[in-house]
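These are my notebook entries on a structure that I looked through one part at a time.

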Amino acid sequence: MATTSGSEDVGVPQGAGGGPPVFPILEELDAIAATGGDPAEVAAAQFRFVMAQIRGNALPFFEELREGRPILRTAVATLVSRFRDVEEILHREAVFSVSPYLPRMTGVIGPFVLSQDLTPGYDHDISVMRLVVRREDLARVGDIVSRHAGAIVDGLFRGGGPVEIVQALTRKVPVRLADEYFGFSAADDAEMLGWARSCFREFFINLLNDPAVRTPAVAAGAEMRARLDAVLAGRRSGEGGAGDDVLGRLLCLQAAGDGARLDDEGICRTLMGLVVGMVETTSQAAVQALLVLFSRPELLARAAAAAATDDDDLLADLVFEALRFSPINPMVVRVAGEDYRLGAGEPHETLIPRGTTVFALTWSAMFDPRVLEAPEAFRPGRPDYHYLHFATGFHACFGRYVSRVQIPQILKPLLRLKGLRPAGAPEYDGTFPDGLMVAADV
């Protein structure tokens with residue numbers, strides 16, 4: 001089984017003469033701590049090593065963790081790798097706080113619900129969001145996405161090809177959905193894309209609080225708020241009408257004046273949070289799923305057949321199983337609000353002290369053979385709870401239902417093309433796919 005770096009997952013090696021298993025990656029991590037020296041420098045070196053393994057050697061690293069040290073404490077964070085333990089963390093909302101995200105979000109867009117613990121404020125805001133982003137809208141979302149994706153793909157291949165699909169398709173379509181469904185647009189697409197990337201990088205990637213990452217995000221947040229203030233003023237003056245989009249529904253609730261309302265600050269942070277959380281994740285997921293399908297021709301053929309016959313359920317199953325092998329996010333971050341015994345009653349039971357930062361490794365969990373049958377096999381249609389792309393619990397991704405529709409529908413018109421194939425290696429801006437050339441027989 002290939003990892004994202006192309007290395008082979010050959011299992012945890014046995015010791016000499018069939019003795020106890022050896023864990024060379026974990027031994028290398030231990031060697032960093034054994035060097036001594038300044039504790040801050042050691043912690044930083046261990047963090048860099050862990051992140052390098054996740055980015056380039058994930059599945060072998062995760063297997064060593066699950067088999068050797070399922071709950072691994074380091075100076076920076078505690079890594080949790082087995083499915084049941086990750087699931088336990090995500091469902092113990094009152095113990096494992098989402099507070100690591102709060103300062104990064106608050107200084108940019110405000111306390112969006114993903115950064116709020118289970119407080120009355122969270123309950124209120126999430127309830128309002130459920131009133132305005134409705135499950136019954138999914139067919140409408142699908143229509144918007146498929147209309148724009150189809151038109152873009154038709155236009156791209158009018159001249160033959162190869163063509164670039166990240167900037168033109170996978171990032172563009174979510175911006176169109178933000179406009180038509182959420183009611184939030186920028187002066188031009190490039191502006192919205194810049195805002196989304198800067199903010200997402202600060203919220204979810206800037207684990208070491210690098211000011212060089214934070215500064216452009218703060219600027220983007222201010223620009224987004226100024227834009228939304230102008231949009232709100234236009235709506236209230238009758239420009240464009242109320243509209244049956246998310247913004248229009250928020251304004252209707254606000255005008256009703258009861259408890260199911262947000263003030264202008266709440267409306268703005270909600271729309272900004274929804275859009276920031278959608279644009280880059282959708283694009284990255286579409287690209288990474290496509291790359292997995294490209295690497296397995298028989299699966300690409302199955303996806304192409306599902307797209308050609310409008311079997312949207314099978315297409316979604318194929319896409320999200322592909323993402324299990326290359327997810328957009330390998331983990332979620334939590335902080336223990338109290339002392340807690342994780343894995344109680346198991347041999348690896350571990351006390352997590354209050355204040356500990358925890359990396360719940362959702363990618364590793366999705367390859368845990370204790371829960372998933374033959375996790376190394378590509379099996380679309382696994383039970384939904386086996387997939388932790390959107391985490392789980394109260395803080396599961398709010399946009400997960402929209403994403404399950406949007407990501408496959410972006411890829412569908414591409415997959416309908418005869419002979420779809422990569423025409424070059426993907427390009428990246430940090431962790432974000434930034435360019436991918438594809439060709440087809442048109």
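**Entry 1: a pocket**

I began with the second largest pocket and found that 22 residues line it, of which D384, Y385, Y387, F390 and R400 lie nearest its centre. I then looked up which elements give two or more residues to this lining, and they are α4 (83–91), α15 (312–325) and α17 (400–415). The largest share belongs to α17, which gives 4 residues. I noted the space in the second largest pocket as about 470 Å³. Rolling a probe the size of a water molecule over the atoms shows where empty space is left. Sorted by class, the lining of this pocket holds 11 nonpolar, 5 polar and 6 charged residues.

**Entry 2: confidence**

I recorded that the model is predicted. I therefore looked up the confidence of the chain: the mean pLDDT is 93, and 95% of the residues reach 70 or more. Residues 1–10 I marked separately, for pLDDT stays under 50 there. For residues 1–10, the model has 24 contacts beyond four places in sequence.

I next asked whether strand β5 is buried or enclosed on which of its faces. Both faces are covered: V332, R334 and A336 are buried on one side, and V333 and V335 are buried on the other. Because 5 of the 5 residues of β5 (residues 332–336) are buried, this strand is largely enclosed by the rest of the structure. The cut-off applied here for buried is under 20% relative accessible area.

I then looked up the pairing. Strands of a sheet pair through backbone hydrogen bonds, either parallel or antiparallel. Strand β3 (residues 96–97) pairs with β5 in the antiparallel sense over 2 bridges. Within this pairing, I noted V335 of β5 as the bridge partner of S97. The pairing of β5 with strand β8 (residues 357–360) is also antiparallel, and I recorded 4 bridges for it. V335 has T357 as its bridge partner in β8, and V333 has F359 as its bridge partner in β8.

In which sense do β2 and β8 run? Strand β2 (residues 78–80) is joined to β8 by 3 bridges, and the two run parallel. In this pairing, T78 stands opposite V358 of β8.

**Entry 3: an open sheet**

I turned to an open sheet of 3 strands, with the order β4-β12-β9 and antiparallel pairing. Its edge strands are β4 (163–164) and β9 (421–422), each of which pairs on one side only. I looked up the bridges from β9 to strand β12 (residues 437–439) and found 2, with the strands running antiparallel. P422 stands opposite V438 in β12.

**Entry 4: residue A304**

Last, I looked up A304, which is found in helix α14 (residues 297–308). Is A304 buried or partly exposed? Its relative accessible area is 24%, so A304 is partly exposed.

Conventions: Residues are numbered from 1 along each chain as its sequence is written. This is a predicted model: local features need pLDDT of at least 70, side-chain atom pairs count only at pLDDT 80 or more; totals for chains, interfaces and linings use all residues. Side-chain values use heavy atoms; hydrogens and water are left out. Buried means under 20% relative accessible area, exposed over 50%, partly exposed in between (1.4 Å probe, protein chains only). Two strands pair if DSSP finds at least two bridges between them. On a 1 Å grid over the protein atoms alone, a cavity is a set of points where a 1.4 Å probe fits but cannot get out, and a pocket is an open set with protein on both sides within 12 Å along at least five of seven lines; lining residues have an atom within 4 Å of a point. Grid points are joined across faces, edges and corners, and a volume is the space filled by probe spheres set on the points. Ala, Val, Leu, Ile, Met, Phe, Trp, Tyr, Cys and Pro count as nonpolar, Asp, Glu, Lys and Arg as charged, and the others, Gly among them, as polar. pLDDT is the predictor's confidence in each residue, from 0 to 100. Contact means heavy atoms within 4.5 Å.
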